[in-house]
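Welcome! Let's walk through a model together, one question at a time.

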Amino acid sequence: MLWLLSWKNIWRNKLRSIVVITAVTLGVFAGIFMIAFMNGMVEDRIKSVIRTEISHIQIHQPDFKENHDFSLRINNADSLIQKIIQTKYVAAVCKRIIISSLVASAETNTGVIITGIVPDEEKKVTNISDKIIVGKYFEGRGKNAVVIGKKFVEKLKVTINKKIIITLQDINKNITSGAFRVVGIYETDNTMYDEANVFVRYNDLCILTGLNDTETHEIAVLLTKNESSETVKQELKKNFPELEVQDWMELSPEAGYLVSAMDQYMIIFILIILLALCFGIINTMLMVVLERVKELGMLMAVGMSKPRVFFMIMLETVYLSLTGGLIGIVSGYIICKHLEKAGLNLYFWKEVYSSVGYSSFIYPTIDFQMIVFTTWMVILTGILSALYPAYKALKLNPAEATRTE
Amino acid sequence: MNIIEIRGICKTYDKKTLPVHALNGIDLTFQKGEFASIVGPSGSGKTTLLNIIGGLDDPTDGVILIDGVNITALSGRKKTQFRMKNIGFVFQSFNLIPVFTVKENVEFIMHLQGISKEEREKRTNELLDAVGLNDKKNNRPNKLSGGQQQRVAVARALASKPKFILADEPTANLDSKSTENLLDIMEKLNQEENITFIFSTHDSRVVNKARRVITIEDGKVISDISN
Ligand SMILES: Nc1ncnc2c1ncn2[C@@H]1O[C@H](COP(=O)(O)OP(=O)(O)OP(=O)(O)O)[C@@H](O)[C@H]1O
Ligand SMILES: [Mg+2]
């Protein structure tokens, strides 16, 4: 009956209760939505870091990453790849030559990193081939083909099928250069990447530089799932102690940081919202107690014990916050679940997002754990904000009920 | 045996400016089945006295024995328990829980006592019959007249089968017809069920119904007449 009494009591002042419930609903909804949104953004970013830019694990000669020294090469690349592909959780492996170079078009020239790839192998590891917006990803047999990013196209002022000159150092430290035809233009979500990465065929680069085709600078490894990165990394480190084996978190610390910082941000975010709601609820419940001084006095006079009065006010507060909280959680969940499939197209901010490496098409993702956490936090907020008003009610005197002035 | 025995009750309210001596040494006894009224001018200490008898307030000095139990010595929780089981209250206003129906209001205190559902229903029906409001049992208090509300309050006060009922100016907000009606019901309950009523009042018609009239002034009993 006490439960019923509390529930009925919150509907005494409908407008006020609805205002509080709405505030809680909006707060919780905003929290859930923001979290799902940020989650979606981060997951998308991680996905493109792994699937487009880095893959899960890369292997180099020690120190190669620091200065891209041409001479720091892995020799017997192909037999190494054979071994790696046997490792558990490994989905695909490919090799790359990486050389700093100068690229010139008819209009202008600029320094850029050239990556020599084996297109059929590379396709299995990274998805640049899916990001082609003009032309093809190394189809046909034409020699000296190059695939470049959209941003780089703009910088170099070239178009598809035009030739560019790539100048670099060969194996004997002589300057050499070759003319390459632009066969494909790609665009990822990250304009910085598009500007800095130019792809040519492995063999073309070997011919130009005089490298043997079993020599390589970089071996990229794609795994069957993100969570295995650490295990496989350790395994490969053990097998190739003389090489440097790094996972995507080390190779892109900012992406690794995103993952670890995200949870903290989300918790802080939720706490701030709930703290604000807490004060609103306290304020309302204090008003409630003040309004009902006489009635509470009467209840105590006729035999309602202080713990029961305390409990009644607590219940009312928890009902209020929980009603709002549940509406917020459920609506947030439904909407985010929908958007998880449908996606949210922020095309009007595309420039802003892609300049920092994010897709403007966001799929908010919500995980169940976060919902459970939020639900508990809402209940906790209800209880915490109930404490003070309920304590105030405790301090009331039953003799008050009889005083009519 | 006396169901209520009051000895040397004093009550001083500690106001910051100057203390108010609301009660100055009251000695009274009440027997089972009394129908007594406490009268006196405004500020004479009627409410204070009833509150202290009912254990809602503590006296500054003196003792109150209810059926031999010294309630001034009881701790807060024990006192609440004691009140719930032994004393019925009817106030001038704010007697009922506005969100509950008449029936729920009467049931509530029995619920707090942990009385079974069937027993509760049975007793609620009996009590509402006794105050002539069984047809209104599913109404909220705000659908009832002031007199009807006070009758529900009497029924509610009786729910826990108390030893006596304290009523502080129960008719103060009622018109003369409702006043008469309420008093008739109280009188009937007193005569037929031997229920003890102690009530304060300003109203001479109410005083005329009482079989014992205690007059207090300035916190002292100045006359105590039984007829
Ligand atoms: N809580 C309080 N604090 C201070 N003084 C009080 C308090 N309650 C009552 N008093 C004072 O005690 C005295 C007795 O008050 P009480 O309410 O008992 O009188 P009463 O006979 O019931 O009056 P009324 O007929 O107006 O209801 C009055 O002078 C009153 O001002
Ligand atoms: Mg009074």
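**Where two chains and a ligand meet**

Q: Which residue of chain B forms a salt bridge with A:Lys8?
A: A salt bridge here is a side-chain nitrogen of Lys or Arg within 4 Å of a carboxyl oxygen of Asp or Glu. Across the interface of chains B and A, the rule finds one such bridge. With an N to O distance of 3.3 Å, the partner of A:Lys8 is B:Glu104.

Q: Good start! What should I know about the model and its numbering?
A: This is a predicted model, in which local features need pLDDT of at least 70 and side-chain atom pairs count only at pLDDT 80 or more, while totals for chains, interfaces and linings use all residues; side-chain values use heavy atoms, with hydrogens and water left out. Chains are lettered from A and ligands numbered from 1 in the order in which they are written, and residues are numbered along each chain's written sequence from 1.

Q: How much area do chain B and chain A bury between them?
A: Contact (heavy atoms within 4.5 Å) involves 25 residues of chain A and 28 residues of chain B. Buried area is the accessible area (1.4 Å probe) that two parts lose on being put together, summed over both. Carbon and sulfur atoms hold 68% of the total, which is about 2400 Å².

Q: Which element gives the most to the side of chain B that touches chain A?
A: Helices here are DSSP runs (H or I, at least four residues), numbered from the N terminus. Helix 1 (46-53), helix 2 (76-86) and helix 3 (102-112) of chain B each give two or more residues to that side. With six residues, the top contributor is helix 3 of chain B.

Q: Now for the ligand: which element gives the most to the shell around ligand 1?
A: Ligand 1 lies between chains A and B, and 15 residues surround it (a heavy atom within 4 Å). Strand 2 (20-31; strands are E runs of at least two residues) and helix 1 of chain B each supply at least two residues of the shell. The leading element, with three residues, is helix 1 of chain B.

Q: How far is an oxygen atom of ligand 1 from an N or O atom in the side chain of B:Thr47?
A: Polar contacts to the ligand are pairs of N or O atoms within 3.5 Å. For the side chain of B:His202 the distance to a ligand oxygen is 3.4 Å, and for B:Lys46 the value is 2.7 Å. For B:Thr47, the distance is 2.6 Å.

Terms used: A polar contact is a pair of N or O atoms within 3.5 Å; within protein, one must be able to donate a hydrogen and the other to accept it, and residues adjacent in sequence count only if both atoms are side-chain atoms.
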